[in-house]
Amino acid sequence: MARQAHGAVLATYGETTVLATAVAMKDVKPGMDFFPLTVNYQEKYFAAGKIPGGFFKREGRPTDKETLTSRLIDRPIRPLFPKGFKNDTQVMITVLSHDLENDPDVVGMVAASAALCLSGLPFLGPIGAARVGFIDGEYVINPSVVELEDSDLDLIVAGTADAVMMVESEAKELSEEIMLGAVMAGHESFQPVIDAIIRLAERAAKDPWNFVPEDHSEVEAQVRKLIAKDIEKAYTITNKTERVTALSGAKNKVLEALAASEERPEGVPVSVLKDVLKGVEASVVRGSIIKTGKRIDGRKLDQVRQVVSEAGILPRTHGSSLFTRGETQALCVTTLGTGEDEQFIDALTGTYKERFMLHYNFPPYSVGETSFRLAPGRREIGHGKLAWRALHAVMPTAEQFPYTIRLVSEITESNGSSSLATVCGGSLALMDAGVPITRPVSGIAMGLIKDPEGIAVLSDILGDEDHLGDMDFKVAGTEMGITSLQMDIKIAGITQDIMHTALEQAKAGRSHILHEMTKALGESRAGLAAHAPKIETMQIPTDKIRDVIGTGGKVIRQIVEETGAKLDVNDEGLIKIAAVDQGAIDAARNWIHSLTAEPEVGKVYKGKVVKVVDFGAFVNFFGAKDGLVHVSQMKSERVNHPSDVVSEGQQVWVKLMGMDDRGKFKLAMKVLDQETGAELSGDDD
């Protein structure tokens, strides 16, 4: 299969099968100054015996799951290409069969690793991967979809034979020890997979590409001599905007002195100079941090930037917050909705509804730039999912809080870890909206500088420290434990000891941020915002559901139109009634009650006269139910004709006396005070 690809592997686990291919262009595009790697993961609906929905009946734009899995596979393989390799490279993973038990994401990652090892490309793999669950206090390797429902952990780990390269997880407030143990258990479990890929490569790999990185040591020495001190000076500036301006000046100095041009054809190509500049900049900054123990903005290695939290800042929203940490800021807004606002997710495993949505937006003004705004990109989807995982563990069940919840994070300023600012700000916005989360969640991003001169683990990294460092290690959780852990490595993996140090340092940082957050709001508000919909539930017998819905939905539409309340009825007879106005909820509840309950003999009702006849009046007194008030039951004294007492449309108080021989309701007016509905003393005959 796929014999013209440079590498192609068909991988099967259970009855889940994926095809992974790897192809690279032989020539480098002129002026290319980065490694153009693209990873595309796609799920074919035929893999699960399904036909796509929609008008066109074919797979369309990537789903969030496909985008997230593409990122998941990209992250551990990208660092294993050698520095200087800039050939356009594409890895495609296609799900061909899905047994609905084993998620294709890990299988796809293993297949991609194998395809690259067979391709002859300069890939320093292989890597292996595994999913780790934590069920009844035990680690479970590659749990099935069903087993994951009972797991306190969903963790994916990828790495080489010697080190961990990538971690992605969602957890239910687990300790640092359990999380680290899960990572190491996963790393140990996929060693046989790595061995198998090596054996396959020994038999089937193509001849390796003749790739030799260009030697720019002489140019690097020139650049270092020219601007090393300027870079050192620039990185003493704590303000990001001023620092960027100073760095731009230093780089322009190099370009003016060394870059090739029409007047100076013997100069150095601009693309080469840009590469060298990045290396010199990284070397100067990293060396300074290792040597002095001080950061770009003057902080100590474990020091967190100033945190300012505010809640309830927008007047009309259901819940809002503004979370600021240094030069990173997230405006988070919670909106509460009803069952009809739930998102339908069409997946290979089947269509399901999601009641908690988190949408992350990164406008260009947040970093002082301009760009053409399109649909959310891979980065925005990935960052939003990280925050969703971090908060999902503390969300209430539908029984505890029968609302659909949408949380939106607008990043209004960014200089390091806006995804974890979303976690912190999102936690505050949820509590401000009155969502009863179990505990507030905070998060922190850790960095690493690993050089021959030493190792430094950094807390709450800046954007520049992320760019120039070796690790992006994000941890979110409550005071009780971790809810999400994500790690990306730019070098060939890290050890267990480094991960342990990062986790412990992150724990202290998370605790500090959580303390600062509680100054604004420490727990969920007792009530909902004035503009939030109120939702009440009521249970009716299942055989009465059709009475509430009516033929073709006629009755339920009438209830909604006349009361203004929204109704959601499930197959078990649970009805959710939602409205901003309590009066609308009460009206809808009473209407439904009249349709599904039976009137009680001896009880007093307020009804409306619907027809006057010679022998009495028919009164609509309970939903659609009518009864007869005989002329003898209208007043204590003799009544010549019912029209002397009542008229059509008149509101009257009636008491249900029982049923006649034909099963019709018998009502009485004379036993009640028609002003108040209070019962009068005397016989009820």
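Which residues in α2 meet which residues in α5? The first close-up takes that on, and like the rest it shows a predicted model.

**Close-up A. Helix α2 packs against helix α5.** From the α2 side, the residues are Val110, Ser113, Ala114, Cys117 and Leu118, and they meet Val193, Ile197, Leu200, Ala201 and Ala204 in α5. Sorted by class, that contact comes out as nine nonpolar residues, one polar and no charged ones. Helix α2 covers residues 104–119 and helix α5 covers residues 191–204; their axes sit 9 Å apart, at an angle of about 30°. Angles under 35 degrees count as roughly parallel, so α2 runs roughly parallel to α5. As for handedness, α2 passes α5 in a right-handed crossing.

**Close-up B. Helix α6 packs against helix α8.** Here the angle is about 50°, with 9 Å between the axes of α6 (residues 217–234) and α8. That is why the two helices, α6 and α8, are described as oblique to each other. Their crossing is right-handed. On the α6 side, look for Val219, Glu220, Val223, Arg224, Ile227, Ala228, Ile231 and Glu232; they meet Leu273, Val276, Leu277, Val280, Glu281, Ser283 and Val284 in α8. This contact has ten nonpolar residues, one polar and four charged.

**Close-up C. Inside the largest nonpolar core.** This core has 105 residues, and the members that touch the most others are Leu155, Val223, Ile405, Val435, Phe473 and Met487. Helix α8 (residues 270–292) supplies the largest share, nine residues. There is also a second, separate core of 42 residues, and Val18, Val39, Val106 and Met109 are among its members. What is phenylalanine 473 in contact with, once its neighbours within four places in sequence are left aside? The list runs Ile444, Ala445, Met446, Leu485, Gln486, Met487, Met499, Ala502 and Leu503.

**Close-up D. A cis peptide bond between glycine 125 and proline 126.** Omega for this bond is about 10°. Proline 126 belongs to the loop between α2 and β5 (128–135). For background, most peptide bonds are trans.

**Close-up E. Two residues with positive phi, leucine 100 and serine 417.** Most residues other than glycine have a negative phi. Leucine 100 is not a glycine, yet its phi is positive, about 65°. You'll find leucine 100 in the loop between β4 (89–97) and α2. Serine 417 also isn't a glycine, and its phi is near 55°. Its loop runs between β15 (404–413) and α10 (418–432). Is each of these two residues buried, partly exposed or exposed? Leucine 100 has a relative accessible area of 40%, so it is partly exposed. Serine 417 is at 14% relative accessibility, and because buried means under 20%, serine 417 counts as buried.

**Close-up F. Histidine 641 and what it touches.** Where is histidine 641 found? Look in the loop between β25 (625–630) and β26 (651–659). Histidine 641 is partly exposed, with a relative accessible area of 28%. Not counting residues up to four places away in sequence, histidine 641 touches Val613 and Asp614. Now pick out glycine 616: it is 25 residues from histidine 641 along the chain, and the two C-alpha atoms are separated by 7.9 Å.

Key:
Residues are numbered from 1 along each chain as its sequence is written. This is a predicted model: local features need pLDDT of at least 70, side-chain atom pairs count only at pLDDT 80 or more; totals for chains, interfaces and linings use all residues. Side-chain values use heavy atoms; hydrogens and water are left out. A nonpolar core is a set of buried Ala, Val, Leu, Ile, Met, Phe, Trp, Tyr and Cys residues joined through side-chain atoms within 4.5 Å. Buried means under 20% relative accessible area, exposed over 50%, partly exposed in between (1.4 Å probe, protein chains only). Helices (H or I, at least four residues) and strands (E, at least two) are DSSP runs, numbered from the N terminus. Contact means heavy atoms within 4.5 Å. Axes are lines fitted to C-alpha atoms, for helices over the stretch in contact, and angles run from 0 to 180 degrees between N-to-C directions. Angles under 35 degrees count as roughly parallel, over 145 as roughly antiparallel, 65 to 115 as roughly perpendicular and the rest as oblique. A crossing is left-handed if the near helix is turned anticlockwise from the far one by less than a right angle, and right-handed if clockwise. Ala, Val, Leu, Ile, Met, Phe, Trp, Tyr, Cys and Pro count as nonpolar, Asp, Glu, Lys and Arg as charged, and the others, Gly among them, as polar.
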